[in-house]
Amino acid sequence: MLRRWMIGLGANLGDARGALERTLQRLRAQPRISLAGVSSLYRSAPVDATGPDFLNAVVALDSDLEPDAMLALAQSLETAEGRERPHHNAPRTLDVDLLMAGGLVLAGASLTLPHPRMHQRAFVLRPLLEIDPDATIAGLGAAAHWLDRCLDQPVERLGGWGLVTPATQEDVR
């Protein structure tokens with residue numbers, strides 16, 4: 001079954017921009033994935049953690065991959081960028097979060113959809129709403145409503161990637 005996946009990308013160690021660009025290219029190369037939208041890049045301070053600022057973005061994908069296969073892909077993308085997990089909320093070379101899969105609601109041992117904290121994170125909501133201004137989080141309602149509750153989390157829009165024009169269909173196909 002084809003689903004519209006919203007994927008959060010973030011990095012705050014090493015060549016963060018390069019890691020996000022390489023990850024986007026790897027996603028483009030996947031045979032069962034079609035890029036449907038790419039947000040601008042954003043900069044934000046870590047939430048509930050220390051370390052350098054993050055670069056963040058959200059990517060919309062259309063895919064028939066099942067949730068466990070999409071999770072395996074996300075983890076392989078992190079591994080390709082040298083992601084280590086020395087402790088909870090550690091700085092990272094790449095973070096790939098499965099945010100939403102259409103209206104799918106899933107609460108498993110290894111994956112929860114929608115992402116359980118996405119509605120509390122301005123660095124997720126701002127780029128998500130850039131791609132889909134009417135985004136709805138299953139079980140929680142309009143994403144824009146939740147962004148209003150995250151005003152204490154500064155997020156700076158940096159603009160395009162250089163590889164693609166943000167939120168346009170033509171450049172991501």
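Residues are called buried when their relative accessible area is under 20%, exposed when it is over 50%, and partly exposed in between, using a 1.4 Å probe and protein chains only. This structure is a predicted model, in which local features need pLDDT of at least 70 and side-chain atom pairs count only at pLDDT 80 or more, while totals for chains, interfaces and linings use all residues. Residues are numbered from 1 along each chain as its sequence is written, and side-chain values use heavy atoms, with hydrogens and water left out.

The chain holds 4 helices and 10 strands, taken as DSSP runs numbered from the N terminus (helices: H or I, at least four residues; strands: E, at least two). From the N terminus, their order is β-α-β-β-β-α-β-β-β-α-β-β-α-β. Of the 173 residues in the chain, 49% are buried. Among contacts (heavy atoms within 4.5 Å) with a separation of 6 or more, 70% come from residues 24 or more positions apart.

Helix α3 (residues 122-131) is a mostly covered element, with 8 of its 10 residues buried. These include Phe123, Val124, Leu125 and Ile131.

The buried residues of α2 are Pro67, Met70, Leu71, Leu73, Ala74, Leu77 and Glu78. They cover an arc of only 160 degrees around the axis, so they lie on the same side of α2; the arc is that of the directions from the helix axis to the C-beta atoms. Asp68 and Thr79, on the other side of α2, are exposed. The partners of the buried residues of α2 are β1 (3-11), α1 (16-28), β2 (33-38), β4 (54-63), β5 (95-101) and β6. Just after α2, Gly82 adopts a positive phi of about 75 degrees.

The axes of α1 and α2 come within 10 Å and cross at roughly 140 degrees. Axes here are lines fitted to C-alpha atoms, for helices over the stretch in contact, with angles from 0 to 180 degrees between N-to-C directions. The two helices are therefore oblique to each other. At this crossing, Thr23, Arg26 and Leu27 in α1 meet Leu73, Leu77 and Ala80 in α2.

Notes:
Angles under 35 degrees count as roughly parallel, over 145 as roughly antiparallel, 65 to 115 as roughly perpendicular and the rest as oblique.
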